[in-house]
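Welcome! Let's learn to read a structure together, one feature at a time.

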Amino acid sequence: MGAIDFDSVTKVYDDSSGTVVAVEELDLSVEDGEFLVFVGPSGCGKSTTLRMLAGLETVTDGTIRIDGEAITDKAPKDRDIAMVFQSYALYPHKTVRDNMAYGLKLSTDLTDEEIDRRVTETAEMMGIGDLLDKKPGSLSGGQQQRVATGRAIVREPAVFLFDEPLSNLDAKLRKHMRTELAQIHNELRITTIYVTHDQEEAMTLADRIAVLNGGELQQVGPPKQVYARPANHFVADFIGSPSMNFVDVTLDGQHLRLDGPDDDWSYEVSDGLAEIVADAGVTEYIIGVRPEDVRLGDDAPAGKTVEGTVEVVEVVGSDNFIYLESGGQEFRYRAPTEVEPAVGETLTVTFDEDHIHLFDRDSGEAVAHGTSEADGSSRAVSRSVTAED
Amino acid sequence: MSYQSDEQIRERYGLEERTITDRLRENWVGYLFIFPTFLMFSLLFYYPIVRGVYLTFTDTKLGLSGQFIGLDNYYWLLTNDLFLFAFGWTLVFVFGVTGLQLVLGGLAALLLSELSNYRRWISAVVMSPYFSAPLAGGVIWLWFLDSSFGFLPRVFADLGLVAPGFLSEGLWPYVSLIVAQTWHDYGYAAIIYAAALINIPSDQYEAAALAGAGRLRRFRDVTLPHLITPTIIILALRTAYNVAEFAQPFELTGGGPGTRTMLLSILTYRVAYVNNSFGRGYTVGMAMIVISMTAAVFYVTVIKGEEELYV
């Protein structure tokens with residue numbers, strides 16, 4: 001009851017300010033009961049996609065189906081969808097009770113007692129039972145968020161849509177509400193599409209993440225897969241914090257060498273990886289290493305280390321983020337707390353070959369993850385792996 | 001932190017209560033700066049008001065200082081048929097005009113909010129009567145309605161019909177005055193409503209649409225509640241202005257034919273300048289103040305209730 005299909009859905013904005021392709025030929029299937037998160041930078045088309053699904057934006061081309069039934073031309077109210085807005089969109093003159101009951105009153109034949117029972121029940125579940133007779137204006141941001149979520153839940157729709165619902169909350173409350181939303185989804189198991197620009201939120205909430213950029217789907221897959229096997233340079237850069245280190249390199253025999261006038265940055269790779277890379281038939285790459293995969297390299301074999309000057313040390317409590325300058329580029333290293341070098345000190349770090357990501361410098365597509373080959377184009381990757389899951 | 005009374009806090013930090021002279025000494029520069037404004041306001045605003053109220057207890061005429069005559073002017077007022085008529089007609093005029101301005105202004109604002117192109121131009125057209133001088137408005141309507149040379153009677157004649165005397169016959173002068181005044185100021189309501197409409201968050205409409213509300217329902221449940229506050233603001237301001245409205249009605253009928261469309265504003269003018277009785281003129285003016293103040297008090301009370309609307 002709530003499987004969604006996007007079939008080459010395209011949205012073009014064509015008005016006096018110009019013609020823009022906001023979403024381009026999006027193909028995506030969401031299973032019933034799944035929690036899918038659209039993530040991407042602002043302007044990537046994620047909100048547009050959500051609004052097309054809700055019926056708040058027209059679809060330029062393609063079809064959206066819910067349970068096999070095309071809904072592209074249906075009015076929003078006929079789609080059995082409830083949405084939570086970033087601004088909550090509560091009606092300021094109605095009490096919490098009336099806000100929550102509004103949809104039920106308009107779209108169902110339930111009696112007033114039945115509606116009231118459901119509203120009270122949902123409010124108890126959301127922990128806002130004592131706020132039912134208040135107006136939204138007198139509630140805190142967190143409480144308003146709960147009311148907005150409760151208003152969607154009480155309708156028991158086929159699909160929930162969340163459009164950056166937590167971005168107006170402070171950091172602590174945001175994390176708390178994130179957990180609550182995850183619990184609610186576990187209980188109700190209603191198909192949920194969630195839009196956010198916060199990759200951490202996406203990682204923690206999603207069954208599957210769909211990464212969008214420039215209106216195009218970059219990769220779909222479970223959080224772990226998107227993190228460990230990013231399909232291309234963009235996904236690798238976007239997912240993970242602090243973000244992945246990238247260095248432009250060329251393959252020279254078994255050495256990956258930094259481009260540019262000074263050739264002092266090199267990393268020796270094994271025959272296996274060299275072979276994969278040679279098979280790809282490209283010589284110019286971007287090497288990607290996550291800061292958390294970097295470690296001190298004092299005892300590492302020569303040829304597998306990187307030297308850098310410490311520029312900034314950020315103490316975050318659980319770890320230290322160390323920003324090195326190496327070969328004219330920034331190199332981030334997530335160090336344990338006991339590693340606390342002084343600024344200006346030279347540090348030797350290393351990383352395992354297993355943790356290397358190699359991307360084709362022209363196309364940005366992943367060529368190898370560690371010592372295994374990245375499988376073809378990004379979309380093919382996501383599909384084949386999802387099928388296995 | 002435990003609760004502390006004002007005195008305890010003062011004692012703890014060695015604060016002393018300050019007298020007025022203390023404050024004067026501390027802030028004398030500030031007082032120096034507001035003194036000119038205070039002086040001019042007193043001379044040009046408060047003094048005339050107090051003087052005006054005093055005049056209602058005298059038989060002052062233009063150029064002559066009057067004698068104190070107690071409540072005679074008020075007795076004259078309440079026993080004067082023309083005053084009682086003008087009072088009633090002023091109420092009809094004010095609330096008729098204000099009501100029509102609300103409705104027309106609201107409709108104009110809704111129309112404007114639906115337009116995507118030319119909105120600025122059409123806003124300017126809607127607002128133009130409001131920006132024209134009331135005297136100019138009076139001339140326009142006179143040229144439009146006058147029985148002997150007006151545009152409208154001419155159109156009637158061309159169609160082979162006989163136009164009623166828009167400014168002289170039966171109920172027509174009343175209708176004409178109300179319509180002309182509504183025309184002049186409805187743009188004021190329109191601009192305030194338009195600002196309110198623009199500020200309604202679009203996602204409230206979207207949420208209502210997803211909840212199953214049709215167009216009319218969305219208008220009732222989302223748009224209308226957001227228009228309550230602007231409505232009260234428009235009512236309060238327009239009522240006061242419309243009570244004091246003089247130029248356009250004076251130009252169109254001058255209170256006539258005879259005294260049949262006598263408004264309090266015109267009556268004030270006639271008693272003071274035509275009959276040369278300033279004391280009585282001010283007394284009529286007091287009646288206008290009573291209407292404005294009563295309305296204002298009523299609106300303020302409603303606004304207080306309105307604040308609870310969102311809490």
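Q: In what order do the four strands of chain A form the open sheet?

A: Keep in mind that this is a predicted model. The sheet in chain A is open, its strands follow the order 2-1-4-5, and their pairing is antiparallel.

Q: Which strands of chain A stand at the edges?

A: Those are strand 2 (18-30) and strand 5 (69-70) of chain A; each has a single partner strand, so one side of each is left without a neighbour in the sheet.

Q: How many bridges join strand 4 of chain A to strand 5 of chain A?

A: Strand 4 (residues 61-66) and strand 5 of chain A are joined by two bridges and run antiparallel. If you want a pair to look for, Ile66(A) stands opposite Glu69(A) in strand 5 of chain A.

Q: Now for helices. Where does helix 3 of chain B bend?

A: Start with the general idea: an α-helix has 3.6 residues a turn, so residues three or four places apart point the same way. In this case, helix 3 (residues 28-55) of chain B bends by about 45° at Ser42(B). This helix of chain B is also hardly covered, with one buried residue among its 28 residues.

Terms used
Residues are numbered from 1 along each chain as its sequence is written. Chains are lettered from A and ligands numbered from 1 in the order in which they are written. This is a predicted model: local features need pLDDT of at least 70, side-chain atom pairs count only at pLDDT 80 or more; totals for chains, interfaces and linings use all residues. The bend at a residue is the angle between axes fitted to the seven residues ending there and the seven starting there. A residue is buried if 20 or more other C-beta atoms lie within 10 Å of its own, exposed if 12 or fewer, and partly exposed in between; C-beta atoms are placed from the backbone. Two strands pair if DSSP finds at least two bridges between them.
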